[in-house]
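Here are some short notes to read alongside the model. Please keep the structure open and find each residue as it comes up.

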Amino acid sequence: MDYQWYPGHMTKARRMMEENIGLVDLVIELTDARIPMSSRNPDIDKLSANKARILVMTKADLADPARTATFQKYFEDKGWMVAAVDARTRKSNDKIRAYVEKACSAKRERDKRRGIVGRPLRAMVVGIPNVGKSTFINSFAGKASAKTGNKPGVTRGKQWIRLNKNLELLDTPGILWPRFEDRQVGINLALTGAIRQELLEEQELSLELLNFLQREYPSLLTDKYAPEEKWDLPMDSAELLTKIAEARKLLRTGGEPDYQRASKLVLDDFRNGKTGRITLETPPADDPETAAGSPEAARAQGTAGGAKAAATGGEESE
Ligand code: GDP
């Protein structure tokens, strides 16, 4: 799906989110496993306060498994339930369903104490454009699930997919807008295809990618583009782009390297997972929020952090 991010568009998306999030008990937040930080929007924490929350890292099939495990732990330390998935398959459905049960049992207990019995809990999928919201809903809800009709008190036209007698999923996902202020976040979003790359020149973007890959995944680069030659990395990224163009015979008439086609190749190979399983980020080393907000820290300090962890679907549902 293509999105253009005009201020008006963002305001509308935000309003829809705010309106819909008020109707649900559980938020299933999607983040791209290749850029778990850049593809999250910090506003989600405020927007989904007091809701149970499950974090699903999509496109884990394209991401570096070791880094995915590190991120999973990083998010779990915040007190959230986390699953890394290929959203196109149903392989992780059981795990996520089990998480939903956990998250919901806490809510159900609260309902019971207030005398509310038999009300199905409602969930909503949220995430930035292209993170895999529709794909996930299709896999998770499956074809068999019946859509429920309009209900009193619900804005006309909203469709709920009944997953079982206890849980309904809003069929329209909530769109979060990515953050653009940070240059590196913009680059990460453009590299993974979350935002239109016209925002950054294709060539500039491919040089950024080559810089990163030389630093963090050099052997994937040589294996992919020069298995025989064994390049001596790191080198200047423009020089590397030239070498890739030559190795792949991407030349213009006259024998000059065709930088445009070489850039596109490098970007497409990355996006399609052909360069290898790559994650562009690592968890922040000293995240004050994690330190202060983790259930462990809260228990240790006896602070309100534990309540926060419970509100995001963590501790209380254990
Ligand atoms: P939405 O805008 O958040 O609803 O994103 P979509 O569900 O339309 O997915 C955007 C693109 O990512 C589509 O081409 C999907 O096939 C692809 N996609 C979604 N989830 C995954 C995943 O887990 N792995 C891979 N490899 N591709 C995915």
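1. The side chains of R53 and D45 are joined by a polar contact of 2.8 Å. R53 has a further side-chain partner in S48, with a polar contact of 3.2 Å. Bear in mind while checking these distances that the model is predicted.

2. Where does R53 lie? It belongs to strand β2, which covers residues 52-58. Is R53 buried or exposed? Its relative accessible area is 1%, and the cut-off for buried is under 20%, so R53 counts as buried.

3. Next, the ligand. There are 16 residues around it, and those that come nearest are D61, A87, K133, S134 and T135. By residue type, the shell around the ligand is made up of seven nonpolar, four polar and five charged residues.

4. A polar atom of the D61 side chain is 2.8 Å from a nitrogen atom of the ligand.

5. Backbone atoms also take part. For K59, a backbone N or O atom is found 2.9 Å from an oxygen atom of the ligand. For N130, a polar backbone atom lies 2.9 Å from an oxygen atom of the ligand. How much of the ligand's accessible area does the protein cover? On its own the ligand has 580 Å² of accessible area, and the protein covers 78% of that.

Notes:
Residues numbered from 1 in each chain as written. Predicted model: local features only at pLDDT ≥ 70, side-chain atom pairs only at ≥ 80, totals over all residues. Heavy atoms only, no water. Near = heavy atom within 4 Å. Polar contact = N/O pair within 3.5 Å; in protein donor to acceptor, adjacent residues only side chain to side chain. Areas by Shrake-Rupley, 256 points an atom, 1.4 Å probe, with all protein chains shown as cover. Nonpolar A, V, L, I, M, F, W, Y, C, P; charged D, E, K, R; others polar. Helix = DSSP H or I, 4+ residues; strand = E, 2+ residues; numbered from the N terminus. Buried < 20%, exposed > 50% of the residue type's maximum accessible area, 1.4 Å probe, protein only.
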